[in-house]
Amino acid sequence: MRTISNRCPPTHQPITERSPNLRQFLPVTDMTITLRRALITDAPALPDIERCAAELFRAEPSLAWLADSPVPDAEHHQWAIQTEQVWVAQSAEGVLAGFLAAREIDNQLHIQELSVSQPFQGRGIGRKLLLTAVSYARGQELAGLTLTTFRDLPWNELFYRRMGFATLSPAETGPRFNPGFKRRSRPRFTRRAPLCDAIQP
C-alpha cells in the first residue's frame, strides 16, 4: 500500500481552519479518515507527522523549543511497528494524517506518542486514534491505559481528561512510566503529568 507523507505547511505559526492560506496546504479534498494498523511502509511518513504536530508548541513560549527538537526516525518507527502497537489515520487519498504508538507495560497500555498533522487537527482524529487504543486494551483485557502529557496546555491534559483519563499522584506513579520519559528526559519536562484510564469490563 502506498502512503503519502503529509508535510507541515512552511510556517512557524499554528494553523487553524480560519487561516486564509490553509486551503493551499491541505493535501486532500475528501476528509474521510480510515484508522488501521501501521505498516512498515508507513514508517518514513511518521517523523514528518510528529514534527508538524509539534509546531503547536510554538504558541507556548516556554515550550517552543519542542518544535525544533529531534523526533524518532523512520528506523525507530519500523521497529515499533514490528514489535509494539502502532495505528495510523489515513485519508481517502492515501495521506497519513496522524498516528498513535503504544506499548504494553505492567498489564497496561502505555501511549508513547499521539500526533496529528496540523492540517488535519480539529477533526476528531486524535480522539479516534485514542479510542482505537482503548478498544485494543479492552480486547486484550488490560487493566487500563497510561500516558504522560503537559498539565496546562488545552490540547493536552484537558483533552485526555475529557476522554476519561485521571491525573495520577506521585505516589501512584511507578517504573511503568519510565519508558514514556526515556526519549524525553530533559529537565524542562517537569510540567508533564502522568495520567491513567482504567478499562471497564
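Reply: F159, Y160 and F165 form one aromatic cluster. Rings of Phe, Tyr and Trp (for Trp, its six-membered ring) pair if their centres lie within 6.5 Å; planes under 30 degrees apart are called stacked, over 60 edge-to-face, and the rest tilted. Y160 and F165 are both buried. Buried is under 20% relative accessible area, exposed is over 50%, and partly exposed is in between, using a 1.4 Å probe and protein chains only.

Before going further, keep in mind that this is a predicted model: local features need pLDDT of at least 70, side-chain atom pairs count only at pLDDT 80 or more, and totals for chains, interfaces and linings use all residues. Residues are numbered from 1 along each chain as its sequence is written, and side-chain values use heavy atoms, with hydrogens and water left out.

Back to the rings: the structure holds three aromatic pairs. In one of them, W87 and Y136 have ring centres 5.5 Å apart and planes at 65°, so that pair is edge-to-face. W87 belongs to strand β2 and Y136 to helix α4 (residues 125-139), so this pair ties together parts that are 49 residues apart in sequence. Helices (H or I, at least four residues) and strands (E, at least two) are DSSP runs, numbered from the N terminus. W87 counts as buried at 5% relative accessibility, and Y136 is buried too, with a relative accessible area of 14%. The rings of Y160 and F165 have their centres 5.7 Å apart and their planes at 75°, so this pair is edge-to-face.

In helix α3 (residues 74-83), H77, A80 and I81 are buried. They cover an arc of only 100° around the axis, which puts them on the same side of α3; the arc is that of the directions from the helix axis to the C-beta atoms. The face turned away from that buried side carries the exposed residues E75 and Q82. What do the buried residues of α3 pack against? They meet α2 (46-54), β2 (85-91) and β3 (96-105). Leaving aside neighbours within four places in sequence, H77 touches A43, L46, P47, E50, P72 and F99, where contact means heavy atoms within 4.5 Å.

Helix α2 has a story of its own: eight of its nine residues are buried, so α2 is largely enclosed by the rest of the structure. Among those buried residues are L46, P47 and E50. The cover over the buried residues of α2 includes α3, β2, β3 and β4 (108-116).

Two loops are worth a glance as well. Most residues other than glycine have a negative phi. N107, in the loop between β3 and β4, has a positive phi of about 65° although it is not a glycine. E141, in the loop between α4 and β5 (144-150), has a positive phi near 60° and isn't glycine either. N107 counts as partly exposed at 44% relative accessibility, while E141 counts as exposed at 68%.

Finally, a word on confidence. The protein averages a pLDDT of 76, and 67% of the residues score at least 70; pLDDT is the predictor's confidence in each residue, from 0 to 100. Over residues 9-30 pLDDT stays under 50, and the model has 33 contacts beyond four places in sequence for them.
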